[in-house]
Amino acid sequence: MMKAKVDRDTCVGCGLCESVCPNVFEMNNDSIAEVIAEVITPENEACALEAQDECPVSAITVD
């Protein structure tokens, strides 16, 4: 069972995570990424890991 976290203090609001994995991440009204999936489903694991790897400021952690 995988879960994602976003470090709100590190996030710069580029939106890459939402574009790569919209079922797991979305941008809030403050343009900060938020995790919208309590548990990452198997079909979203690959994109969640891609969002973690591609985040330009390493604000995403997927465990």
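How many helices and strands does the chain have, and where does Asn 44 lie?

Author: This is a predicted model, in which local features need pLDDT of at least 70 and side-chain atom pairs count only at pLDDT 80 or more, while totals for chains, interfaces and linings use all residues. Residues are numbered from 1 along each chain as its sequence is written, and side-chain values use heavy atoms, with hydrogens and water left out.

The chain has two helices and four strands, where helices (H or I, at least four residues) and strands (E, at least two) are DSSP runs numbered from the N terminus. Along the sequence these elements follow the pattern β-α-β-β-α-β. Of the 63 residues, 35% count as buried, a word that here means under 20% relative accessible area, with exposed meaning over 50% and partly exposed in between (1.4 Å probe, protein chains only).

Asn 44 lies in the loop between β3 (33–35) and α2 (45–54), and because its relative accessibility is 13%, Asn 44 counts as buried. Leaving aside residues up to four places away in sequence, Asn 44 touches Cys 21, Asn 23 and Val 24, where a contact means heavy atoms within 4.5 Å. With one of these neighbours, Asn 23, the side chain of Asn 44 makes a polar contact, side chain to side chain, at 3.5 Å. A polar contact is a pair of N or O atoms within 3.5 Å; within protein, one must be able to donate a hydrogen and the other to accept it, and residues adjacent in sequence count only if both atoms are side-chain atoms.
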